Amino acid sequence: MKNVSLGPLEQEIISCVWKKKVCTARDIFECLGQDREIAYNTVQTVMTRLVDKGLLNRKLQGKTHTYKPAVKKKNVLSSLVSQTMGGFTDQFGEDALIALVDGLDEISEETRQKLINKLQKK
């Protein structure tokens with residue numbers, strides 16, 4: 001997957017779409033409306049940008065567009081984390097990775113084992 005950049009509102013919107021699987025802009029407006037004040041037109045505009053970025057698919061059904069994810073959540077998260085960590089390691093070297101690991105004190109043993117297994121495969 002190519003590098004993606006998502007602003008905070010784009011992240012919230014695509015998270016709602018992943019939860020709903022297939023939805024309209026109205027569905028997402030209602031999903032977001034519980035947590036923030038936002039204009040319906042803003043939701044439509046951001047969803048169009050996500051379509052343009054290749055992250056959502058849009059289909060016209062009657063007079064309404066329906067949206068569904070064009071990419072898996074895991075792929076987007078991997079891309080975002082890779083970009084972020086790449087920036088940190090470019091700037092701070094291995095100290096950035098050590099700081100990340102130091103911050104993992106509160107993870108479960110199961111998650112810790114998954115990380116160890118992943119690192120051993122490389």
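1. Let me start with the S-S link: Cys-16 and Cys-31 are joined in a left-handed way, with -75° about the S-S bond. The two sulfur atoms sit 2.2 Å apart, and a disulfide here is a pair of cysteine sulfur atoms within 2.5 Å. The structure holds one such disulfide. Distant parts of the chain are linked by the pair: Cys-16 lies in helix H1 and Cys-31 in helix H2 (residues 25-33), 15 residues apart.

2. Before going on, a caveat: this is a predicted model, where local features need pLDDT of at least 70, side-chain atom pairs count only at pLDDT 80 or more, and totals for chains, interfaces and linings use all residues. Residues are numbered from 1 along each chain as its sequence is written, and side-chain values use heavy atoms, with hydrogens and water left out.

3. How exposed or buried are the cysteines? Cys-16 is buried at a relative accessible area of 5%, and Cys-31 is buried too, at 16%. Buried means under 20% relative accessible area, with a 1.4 Å probe and protein chains only.

4. Cys-23 is in no disulfide; its nearest cysteine sulfur belongs to Cys-16, 8.2 Å away. Cys-23 also counts as buried, at 1% relative accessibility.

5. On to helix H4 (residues 73-92): its 20 residues reach 28 Å from first C-alpha to last, close to the expected 28 Å. That expectation is 1.5 Å times one less than the number of residues. Helices are DSSP runs (H or I, at least four residues), numbered from the N terminus.

6. Val-76, Ser-79 and Met-85 are the buried residues of H4, and they pack against helix H1 (8-20) and helix H5 (94-102). After H4 comes Gly-93, with a positive phi near 65°.

How values were computed: Helices (H or I, at least four residues) and strands (E, at least two) are DSSP runs, numbered from the N terminus. Buried means under 20% relative accessible area, exposed over 50%, partly exposed in between (1.4 Å probe, protein chains only). Contact means heavy atoms within 4.5 Å.
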